[in-house]
Amino acid sequence: GVVLRVDAPVWPQLCWGRDAQARVERLESLMADGAAMRALLRDELPVHAWEAALFAVCAGRALIADDLGLGQRGAAIAAIRLWSELFGVKPAVVIAPEAAHAAWHRDLRRWLGDEAATVTAAVTPPAKPIAALLVVDGIEAVTPEALAELRAMAAAQLLLIAHQEPLGDARL
C-alpha cells in the first residue's frame, strides 16, 4: 500500500544499473568456459588486464589508470574485443597522440589479428563513422578544444586511459 515515487533524475541511474547487470550476466556465461574467453584474443593477456577489461565492459564507461607499464592498451583492446563479440558494439575508435599510433596498431594486430582493421586510430575524433565505442588514450593530455569534440560524439560506450593521476583532473 506504499506509493513508490521516483524522481526523474533517478530513472537513468536505474537503467544504467540494469544494463550493467545484463552485461555482467552475459560475461559470466562466456567466462564459464575459460577457453572460449581466452580464444577472443590471439595472444596471452595478464590477469590484471583481463580484470580491467571486464570492469570496463561491465561499467559501460570506465577509466583505466593502472600503474605505468602494466599494459593499459592490452586491457583496452580486450575490452574492445569483448564489446564487439558479445554486444555487437562496432566500430571502435581510439583517440591517441600520433606518437602512440604505431604502438596501438602493433598491439591491435598482436591481440586481434585481422580484426584489428575494424578499429580506427586517430588524433582527433573522425567525422565518420560514428563510434559505438570510443577509447581515449591519454585523457590527461587532451586539449579543451579536443575535449569539446569528444563530448559531442555520440559514442554509446567510453573507455578512458590515463597515464597520470587523473582523479583531480576537471576533464573527467
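1. Arg-106 has a relative accessible area of 45%, so Arg-106 is partly exposed. The model under review is a predicted one. The salt-bridge partner of Arg-106 is Asp-107, with 3.2 Å between the closest N and O atoms. Asp-107, in contrast, is buried, at 6% relative accessibility. Through shared partners, salt bridges link Arg-73, Arg-106 and Asp-107 in one network.

2. The whole structure holds five salt bridges. One of them brings together the side chains of Asp-43 and Arg-110, at 2.6 Å from N to O. Asp-43 belongs to the loop between H2 and H3, while Arg-110 belongs to helix H5; the pair therefore ties together parts that lie 67 residues apart in sequence. Both partners are partly exposed: Asp-43 has a relative accessible area of 31%, and Arg-110 has 39%.

3. A further salt bridge joins the side chains of Arg-18 and Asp-19, with 3.1 Å from N to O. Arg-18 is exposed, at 53% relative accessibility, because the cut-off for exposed is over 50%. Asp-19, at 31%, is partly exposed.

4. After H3 comes Gly-60, which has a positive phi, near 90°.

5. Which residues of H3 are buried? They are Ala-49, Trp-50, Ala-52, Ala-53, Leu-54, Ala-56, Val-57 and Cys-58.

6. In soluble globular proteins, nonpolar side chains tend to be buried together. Here the largest nonpolar core has 41 residues, and Leu-82, Trp-104, Val-135 and Leu-159 have the most contacts inside it. Two or more residues come from each of H1, H3, E1, H4, E2 (92-95), H5 (98-112), E4 (133-137) and E5. H4 gives the largest share, nine residues.

7. What does Leu-159 touch, leaving aside residues up to four places away in sequence? Its contacts are Ala-56, Ala-62, Ile-64, Ala-76, Ala-79, Leu-134, Val-135 and Val-136. Another core, of 15 residues, lies apart from the largest one; Val-93, Val-142, Leu-160 and Ala-162 are among its members.

Definitions and conventions:
Residues are numbered from 1 along each chain as its sequence is written. This is a predicted model: local features need pLDDT of at least 70, side-chain atom pairs count only at pLDDT 80 or more; totals for chains, interfaces and linings use all residues. Side-chain values use heavy atoms; hydrogens and water are left out. Buried means under 20% relative accessible area, exposed over 50%, partly exposed in between (1.4 Å probe, protein chains only). Helices (H or I, at least four residues) and strands (E, at least two) are DSSP runs, numbered from the N terminus. A nonpolar core is a set of buried Ala, Val, Leu, Ile, Met, Phe, Trp, Tyr and Cys residues joined through side-chain atoms within 4.5 Å. Contact means heavy atoms within 4.5 Å. A salt bridge is a side-chain nitrogen of Lys or Arg within 4 Å of a carboxyl oxygen of Asp or Glu.
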